[in-house]
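Hi everyone, thanks for coming. Let me put the structure up, and then I'll walk you through it.

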Amino acid sequence: MIGKIKEKISRYKKGKKDAEKKEPDLTSRVKTAEENKERQGWISPNYSQSKRVYLDPGLIAENRCFAHLDNVPEMEAYRVLRTQIMQRTRGTGCNTIMVTSALPGEGKTITAINLAFTFAREFQHTVLLVDGDLRKQNIHKYLGYAGDRGLIDYLADSAPLPELIKWSGIEKITLISGGRSCQESAEMLGSPRMKELVSEMKSRYHERYIIFDVPPVLSGADALTFYPLVDYIIVVVQAGKTSMDDVKKAVQFLPQEKILGFALNRCLTSSQSEPYGQ
Ligand SMILES: Nc1ncnc2c1ncn2[C@@H]1O[C@H](COP(=O)(O)OP(=O)(O)O)[C@@H](O)[C@H]1O
Ligand SMILES: [Mg+2]
């Protein structure tokens, strides 16, 4: 009898563990499809073609991707950025944004991920987050899933587009990150096939933003080759580290009319440390 009870408890624990593995807590933090569908004007994307991947909530938090959580100081800054983007792009048909910086390690990938999470909380829009840092694809690593196919598989090896696009399990966010890397990344980003792809992404779904995580401006030709394909640019600056000279140099290489703004990373001011109204 005791043996049977122990077996039942162990089966229950195993089942619970499996369920936790399959349905990360993260997914429920952003509104579920059903909850959202009840809201008027809800836009539900079609994920039937995208393969589902399972994100790792622990790793995501460790990597400072916070924007899916409530009441984190970072969330407010991303909300402001989202609002600015929406105000600038409303009614223009402009929906492609690249995130870059002057130098490596300033927080481009973290910013691009958090921005995508923030858009997913806005019920009118969907987001496709694309890893355009072809020598250092980190989006899938920071989110904790194995990215088996990415842009290079499409650009160089003609992998079908639906094989690249993964659904994160968070309603409204799809991802392209992973696959093989390549040294001729600038040539890939500037290729006619890439141009066609961006144009296809741009027009595919109404009300979808496409966010590209792109290498730094001062470390190679990638960002400069790629910016003609996007509508807007966000420049990440690491507070207290990037020199004004480097920021100015980087900005001079970019078209001013496309710069949507600067995202100051690693900057926790006293006003940011406590959420407004608490
Ligand atoms: N606000 C932050 N606070 C602490 N660590 C950060 C912050 N933003 C980024 N990092 C860390 O800095 C490193 C570089 O960030 P990443 O987004 O990969 O930069 P980039 O894409 O510009 O090279 C990562 O290890 C990341 O976890
Ligand atoms: Mg990066």
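I'll start with the sheet, then turn to one helix and its neighbours, and end at the ligand.

A quick word on the model: it is predicted, so local features need pLDDT of at least 70 and side-chain atom pairs count only at pLDDT 80 or more, while totals for chains, interfaces and linings use all residues. Residues are numbered from 1 along each chain as its sequence is written, and chains are lettered from A and ligands numbered from 1 in the order in which they are written.

Eight strands make an open, mixed sheet, ordered E1-E4-E5-E3-E6-E2-E7-E8. Strands here are DSSP runs of E with at least two residues, helices are H or I runs of at least four, and both are numbered from the N terminus; pairing takes at least two DSSP bridges. At the edges, pairing on one side only, sit E1 (51–52) and E8 (259–265). E3 (126–131) and E6 (208–213) run parallel over six bridges.

Now, which strands does H6 touch as it packs on the sheet? They are E2, E3, E5, E6, E7 and E8, with contact meaning C-beta atoms, placed from the backbone, within 7 Å.

H5 (73–89) comes within 9 Å of H6, axis to axis, crossing at roughly 75°. Axes are fitted to C-alpha atoms, for helices over the stretch in contact, with angles from 0 to 180 degrees between N-to-C directions. The two helices are therefore roughly perpendicular, the term for 65 to 115 degrees.

Finally, 13 residues surround ligand 1, each with its backbone-placed C-beta within 6 Å. H6 (108–120) gives the most, three residues. Thanks, everyone!

Terms used: Two residues are in contact if their C-beta atoms, placed from the backbone, lie within 7 Å. Angles under 35 degrees count as roughly parallel, over 145 as roughly antiparallel, 65 to 115 as roughly perpendicular and the rest as oblique.
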